Amino acid sequence: MKKILVLGAGAMGSAFTVPCIDNENDVVLVGTHLENEAIDQINKADNFHKVINYKLPKKLRVSKFNTFSEELKKVPDLIVIGVNSKGIEWAGKEIAKNYNSKTNILLLTKGLTIINNKFETLAEKFNTVLKNNGVKDSNISAVGGPCLASGLANRIKSSVVLANPDLNIAKSIGKMISTSYYTAEYSEDLLGVE
């Protein structure tokens, strides 16, 4: 059993907890500072997530952002970033406050951004934000679909690619999250998958 911390209680972040729980991990879903009302609704409705129209697993712990730093201090095996692209910089700064370099980071968020007048992936931006906030050594992976949040929550068969320059890290993440309905292939080409 691994400890997985998912930041972002939107559709994909929440749906991603389903295979993580099904694979017998200890999973906590922490909403961002903007999702307190959504977290309250999920908790009041016995883990029902109205956006994906799905009742999240009972074993899932759902918390507001004020618990994030304490969850991070527990040194999870995997931090999953499920915020939107505009929240990547914020998430990087928050993680940098208590990040342990032993913890792998997996980005669900996709897209491009501009850094120094060049297009860069969000993985590159996230790494830059961490470095600018004192994190010298981080390990960032990305996942590429196709995979829809509603399909994932309802355990509809999906296949994804997990990417990390170190193939062994991608495979170790795959062992944590793969199920009979959520399978992964692996790539060292982080840029290409992003």
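Me: What share of the 194 residues of the protein counts as buried?
Reply: In this predicted model, 52% of the 194 residues count as buried. The term applies to a residue under 20% relative accessible area.

Me: What makes the protein as compact as a globular protein of that length?
Reply: The protein has eight helices and twelve strands. Its radius of gyration is 15 Å, close to the 16 Å that the globule rule gives for 194 residues, so the protein is as compact as a globular protein of that length. The C-alpha atoms fill a box of roughly 45 × 35 × 30 Å along the principal axes. Among contacts with a separation of 6 or more, 67% come from residues 24 or more positions apart.

Me: Why is C20 said to be in no disulfide?
Reply: The search of the whole structure finds zero disulfides. For C20, the nearest cysteine sulfur is that of C147, 11 Å away. A disulfide requires two cysteine sulfur atoms within 2.5 Å; at 11 Å, the sulfur of C147 is therefore too far from that of C20 for a bond.

Me: Are C20 and C147 buried or exposed?
Reply: The cut-off for buried is under 20% relative accessible area. C20 has 0% and therefore counts as buried; C147, with 18%, is buried as well.

Me: Why is I114 called exposed?
Reply: Exposed means over 50% relative accessible area, and I114 counts as exposed because its value is 55%. I114 is placed in strand β8, residues 112-115. Together with L112 and F119, I114 forms a nonpolar patch on the surface, with about 380 Å² of accessible area.

Me: How do you know that D46 forms a salt bridge with K55?
Reply: The closest N and O atoms of D46 and K55 are 2.7 Å apart, and the criterion is a side-chain nitrogen of Lys or Arg within 4 Å of a carboxyl oxygen of Asp or Glu. The pair therefore qualifies as a salt bridge.

Me: Why does the pair of E89 and K125 tie together parts that are apart in sequence?
Reply: The side chains of E89 and K125 meet in a salt bridge at 3.9 Å, N to O. E89 lies in helix α4 and K125 in helix α5, so the pair ties together parts that are 36 residues apart in sequence. E89 is partly exposed at 35%, whereas K125 is buried at 18%. The buried residues of α4, among them I88, A91 and I95, pack against elements including β1, α3 and α5.

Me: What makes E71 buried, and which residues are linked with E71 in a network of salt bridges?
Reply: E71 has 10% relative accessibility, under the 20% cut-off, and therefore counts as buried. E71 is linked with D26, R61 and K74 in a network of salt bridges. Placed in helix α3, residues 68-73, E71 is in contact with L5, V28, V30, R61 and P76, leaving aside its neighbours within four places in sequence.

Me: Why is I177 called buried?
Reply: I177, in helix α7, has a relative accessible area of 0%, and is therefore buried under the 20% cut-off. Leaving aside neighbours within four places in sequence, its contacts include I4, F16, C20 and L106. The C-alpha atoms of I177 and F16 are separated by 8.8 Å, although these residues are 161 residues apart along the chain.

Notes
Residues are numbered from 1 along each chain as its sequence is written. This is a predicted model: local features need pLDDT of at least 70, side-chain atom pairs count only at pLDDT 80 or more; totals for chains, interfaces and linings use all residues. Side-chain values use heavy atoms; hydrogens and water are left out. Patches are made of residues with over 30% relative accessible area and no salt bridge: like charges are joined within 9 Å, nonpolar side chains (Val, Leu, Ile, Met, Phe, Trp, Tyr) within 5 Å. Accessible areas come from the Shrake-Rupley method with a 1.4 Å probe; for residues, only the protein chains shown count as cover. Helices (H or I, at least four residues) and strands (E, at least two) are DSSP runs, numbered from the N terminus. Buried means under 20% relative accessible area, exposed over 50%, partly exposed in between (1.4 Å probe, protein chains only). The radius of gyration is taken over C-alpha atoms; the globule rule is 2.2 Å times the number of residues to the power 0.38. Contact means heavy atoms within 4.5 Å.
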